[in-house]
Amino acid sequence: MKTALRTCPLCETACGLRLTLDDAGSVLRVEGDKEDPFSKGFLCPKGAALGQLDEDPDRLTRPMVRVDGELRPASWEEAFAEVHRGLTGIMAEHGRDAVALYFGNPTFHTMAGFLYRQPLTQVLGSRNVYSASTIDQMPKHVASGLMLGDPMAVAVPDLDRTDYMLILGANPVESNGSLCVAPDFKGRLQAIQARGGRVVVVDPRRTRTAELADEHVFVRPGTDACLLFGIVHTLLAEDLVKVDLNVNGLTELRTLANGFAPEAVEQACSVPAATIVRLAREIAAAPTAAVYARIGTCTAEFGSLAQWLVDVINVLTGNMDSVGGVMFAKTAGLEIFRSGQPFATGAWHSRVRGLPEVLGEFPVATMADEIETPGEGRIRALITVGGNPALSAPGAPRLARALSGLDFMVCVDPYLNETTRYATVILPPPRMLQSPHFDFLVQIIMVRNYARFSPPVLPLRDDQRSEAAILAKLLLILAGQAADADPAGAEEMLLGQLLAAVPELREGLEGQDGTELILDALLKLGSYGLSLEAMREAPHGMDLGPLRPRLGEILCTASGKVELAPATLAADVPRLLRRMREWASERDTMVLIGRRHLRSNNSWMHNVPSLVGGSNRCTLHVHPQDAARLGLGKRALVRSAVGELEVMVELSTAIMPGVVSLPHGWGHEESRQKVAREHAGVNANALTDEAVMDPVSGNAVFNGVPVTVVATEKASNLERK
Ligand SMILES: Nc1nc2c(c(=O)[nH]1)N[C@H]1C(S)=C(S)[C@@H](COP(=O)(O)OP(=O)(O)OC[C@H]3O[C@@H](n4cnc5c(=O)[nH]c(N)nc54)[C@H](O)[C@@H]3O)O[C@H]1N2
Ligand SMILES: Nc1nc2c(c(=O)[nH]1)N[C@H]1C(S)=C(S)[C@@H](COP(=O)(O)OP(=O)(O)OC[C@H]3O[C@@H](n4cnc5c(=O)[nH]c(N)nc54)[C@H](O)[C@@H]3O)O[C@H]1N2
Ligand code: SF4
Ligand SMILES: [Mo]
C-alpha cells in the first residue's frame, strides 16, 4: 500500500487529493487532501472516481493505425511513421492550411497540452486552428481583451470577501465553478450568506445553485445582454455610478444604454422591470459586490455583449479590481506570457464564411464548412488533442460526417470514441496518474493565488509514451523532421525560446523530464520566485495569498484606460436591439438550453459505472404545464432548424415554462466504450445550429435554440439496452 498526493486533473477546480494505491498501482481509495490550503479536503464524485476513470479497461494502451479501413493496434514506430507519411504528404501537396488543429477541453488542464499548444500552432503555420474555447468561453476573452487590452485578464469574483454575488448562467453547485476556481464553491456561497451577504441567481432553471440562493430570477434563454443592459441603464439613470478607475467611453455607454430601459427589456427577457431596477440598486448599495456570468451567457447569440456588460456593471459600481468585487489572480508561472499589446480580432478571416480570427482561432462552428467546401485551403487533415467535437460541437452530426471524409486524421486521445473513430492514427496518452500535473491556466482564474505540483504517481512502462513526448513528436514531424526524431529535441527548442533572454538559467534547471524542466524554468521566471524544488517541498500545495488589486500591471489598452464602450462591441448593439423586438413577439417559441450534472463532465466520463445512471440521465426536462399543453407522454420528438432527436421526457417544475433542457456529451450508441454504450443517451448537438453564433467572438450557441416538441411513441434510444 502506498499513499500519494495529487491534484485532481478533471476540472478547473484543481482539488488536492490523497490517493491510496495497492502495490500493483491500482487506486484503492481517493480522499480530499485536508492539508491542501485551498481545497481543504473538498472533492466531488468525479474526483472520488478518479481511480476507476484512470483504470478504465476501455482506455487505449497502444496506438491504433487504420489498415484496410480498420483501426488496429500498432507500435509507436509504426504509428509515428504513418503520421509522418500522412501529414507531410498533405502539407507538400496542398499547403499548410490543409492541416487543421483542434484542441479540446483536457488540453487546458494537462501540462503537455498547455506547453505544446502554442508551439504546435506556430510550427504548423495553418490558419485552421480550432479549440474548445469557441464552444465555451471565447466571449469572455473578447470582452476582457477589448475593455482591458489583455484577453487573458479574466476578472474573478472575490468570492471569500464579497457581500453580494449576482450569478448569471452558471450552476457551480453542480459544475464546481468555471472561470472562477473555488473548491467547495457551495460552501463559499453559503459563507457569503452567513456573513450577512446576498446571493442572487439568474437562470431559466431553478438549479441547485438557485435553490441555495437568496433569490432566483427566471430569465428567457439568450436574453441576458438585455437584462444586463437594463441594470446598466438603471445605474446610469439613477446616478448610482461610482467609478474609481480611469475609464474611457462613459458618454458612449450612456448612448448605447438608451434603448434598454428596464421597461423596454422586460418583455424580451421575461424579468419584470421592477426586479431589474431593484437588482441594480442592490448591487450599487452593497458594500462590495461581484457580478459573475458563465456558460449559460457565453454560449448564446449575444455572448460577447453579455460578458462585456457584466464587467461594465462591475466597473460602474466600483467593484472592478477591488477587494470583495472582482479581481485578477497573480499566477506563479504565466505572467511572462502577457504580451502588453492591445487585443484585436480579425487579423485574418476564414475562407468559407469570412469569419474573423479570434486569439488566432476560427470558430468550431465553421470547421465543417472548411472541411466540406472545395477549393484551395480546404482542410484535408486534422490533428485533435483531447477533444470530442463529434459530440461537443454545434451541428455535431454534420461535423462527424465531415470528419469521416478527411484524407487523414490523427487523434491524441485515450479513447476510441465518437470522434476518434474517424482517425487514421490514434496516439493514446498514458494514465493520468503516470503524468506530472501542474495547472498553468487555471491559475489565472483562482479566487486565491495558489500553486501545487503533482509528480507522476506511477512510472511509465516501456511501451508507453508521455503525452508531452507524443506532442513533441508531432511538433517535430510538423517541423519537417523524420518520424524517428528524438522528442528531446523539441523540449530543448522550447526551453531555448523560453530562456532566450536568460540562457544562463538553463544549467541550474532540474526535472525528471522536459516537461518538468520547463515548469522549473517558468516558476523561476515567475512572480513568486518559486522553483520545482520549492513545489516538491510543498506537496499539499502552496497558498500564495488572497487576490490583490493589480489592474495597473495588466491593463494594456491603446488608451491606457478601461474601455467602457469598445467600438467592436458597440457595433453589435443594434443587432441586439433588433433581436430584442423579435424576442418580445416570439414568446410562444419553445427554446432549448443545456444542463450539467455533478457526476458527469462533458462527453468522456460516461464509461464509469459509479458516474452514470441514477439521476445522471440524458432526459429532456419539460415543465408540466408545457407537457400538458403539448400532450407529452414518456417520449418526445424535439426538432430544431438542423435536426431532430427522440428523447425521454422528465417533468420538472424547476424549468421555466417555454424552455426545455437537455444535457450535452451523450449519444454513445455506437461507442466502443461498454458502459457508455449502455447509457447511450442522445447527442444534444444534433439540435444546435452551427450557422448561428455570437459573431463578435465566433462562439457557438447552445442556449436559446428554437425547437418544437411533439409526443411520440417510437422506441427511444434511451431505452435501448
Ligand atoms: N459536473 C460537471 N461539471 C463540469 C462540467 C460538466 O460537464 N459536468 N463541465 C465543465 C466545463 S467544460 C465547464 S465550461 C463548466 C461550466 O460551468 P457552468 O457555467 O456553471 O455550467 P452549467 O452547470 O452548465 O451552468 C450553466 C447554467 O446556465 C443556465 N442557462 C442556460 N441558458 C441560459 C441563459 O440564456 N441565461 C442564463 N442566465 N442562464 C442560462 C443553465 O440552466 C445552467 O444552470 O463546468 C465544468 N464542470
Ligand atoms: N450542447 C452543448 N454543447 C457543449 C457544451 C454545452 O454546454 N452544451 N459545453 C461546451 C464546453 S463548455 C466544452 S469545454 C466542450 C468540450 O468539448 P471537447 O473538448 O471537444 O470535448 P470533451 O467531451 O471535453 O472531450 C474530451 C476528450 O479528451 C479526451 N481526454 C481525456 N483525458 C485526456 C488526456 O489526458 N489527454 C488527452 N489528449 N485527451 C484526453 C477524452 O477521451 C475526450 O475525447 O463542449 C462544449 N459543448
Ligand atoms: S471538483 Fe471534482 S472533478 Fe473538479 S477538481 Fe475537484 S474533485 Fe476533481
Ligand atoms: Mo467548458
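Predicted model: local features only at pLDDT ≥ 70, side-chain atom pairs only at ≥ 80, totals over all residues.
Residues are numbered from 1 along each chain as its sequence is written, chains are lettered from A and ligands numbered from 1 in the order in which they are written, and side-chain values use heavy atoms, with hydrogens and water left out.

**Helix H19**

- In helix H19 (residues 488–498), the residues Ala490, Glu491, Leu494, Leu495 and Leu498 are buried, a term that stands for under 20% relative accessible area, with exposed meaning over 50% and partly exposed in between (1.4 Å probe, protein chains only).
- Viewed down the axis of H19, these buried residues fall within an arc of 135°, so they line one face of the helix; the arc is that of the directions from the helix axis to the C-beta atoms.

**The antiparallel sheet E1-E2-E3**

- Three strands form an open sheet of 3 strands in the order E1-E2-E3, with antiparallel pairing; two strands pair if DSSP finds at least two bridges between them.
- Its edge strands are strand E1 (2–7) and strand E3 (27–32), each of which pairs on one side only.
- Neighbouring strands of this sheet are turned by 25° against each other on average, direction ignored, with axes taken as lines fitted to C-alpha atoms, for helices over the stretch in contact, and angles running from 0 to 180 degrees between N-to-C directions.
- E1 and strand E2 (residues 16–21) pair in the antiparallel sense over 6 bridges, and Arg6 stands opposite Leu17 in E2.

**The parallel sheet E11-E10-E9-E13**

- An open sheet of 4 strands has the order E11-E10-E9-E13, with parallel pairing.
- Strand E11 (215–217) and strand E13 (290–293) stand at the edges with a single partner strand each, so one side of each is left without a neighbour in the sheet.
- In this sheet, neighbouring strands are turned by 15° against each other on average, direction ignored.
- Strand E10 (residues 198–202) runs parallel to E11 and is joined to it by 3 bridges, with His216 in E11 as the bridge partner of Val201.

- In strand E15 (residues 381–385), 5 of the 5 residues are buried, so the strand is largely enclosed by the rest of the structure.
- Both faces of E15 are covered, with Ala381, Ile383 and Val385 buried on one side and Leu382 and Thr384 buried on the other.
- Strand E6 (residues 99–103) pairs with E15 in the parallel sense over 5 bridges, and Tyr102 stands opposite Thr384 in E15.
- E15 also pairs with strand E16 (residues 408–412) in the parallel sense over 5 bridges, and here Ala381 stands opposite Phe408.
- In strand E24 (residues 619–622), Thr619 and His621 point one way and Leu620 and Val622 the other way, and all are buried.
- E24 runs parallel to strand E26 (residues 644–651), to which 4 bridges join it, and Thr619 stands opposite Met648 in E26.

**Loop residues**

- His679 lies in the loop between helix H26 (674–678) and strand E28 (693–694) and is partly exposed, with a relative accessible area of 28%.
- Not counting residues up to four places away in sequence, His679 touches Val612, Gly613, Trp666 and His668, and its C-alpha atom is separated by 8.5 Å from that of Cys618, 61 residues apart along the chain.
- Leu179, in the loop between helix H6 (172–175) and helix H7 (185–194), has a phi near 50°, a positive value in a residue other than glycine, and is buried, with a relative accessible area of 12%.
- Ser270, in the loop between helix H11 (262–269) and helix H12 (273–285), has a phi near 65°, a positive value in a residue other than glycine, and counts as partly exposed at 25% relative accessibility.

Terms used:
Helix = DSSP H or I, 4+ residues; strand = E, 2+ residues; numbered from the N terminus. Contact = heavy atoms within 4.5 Å.
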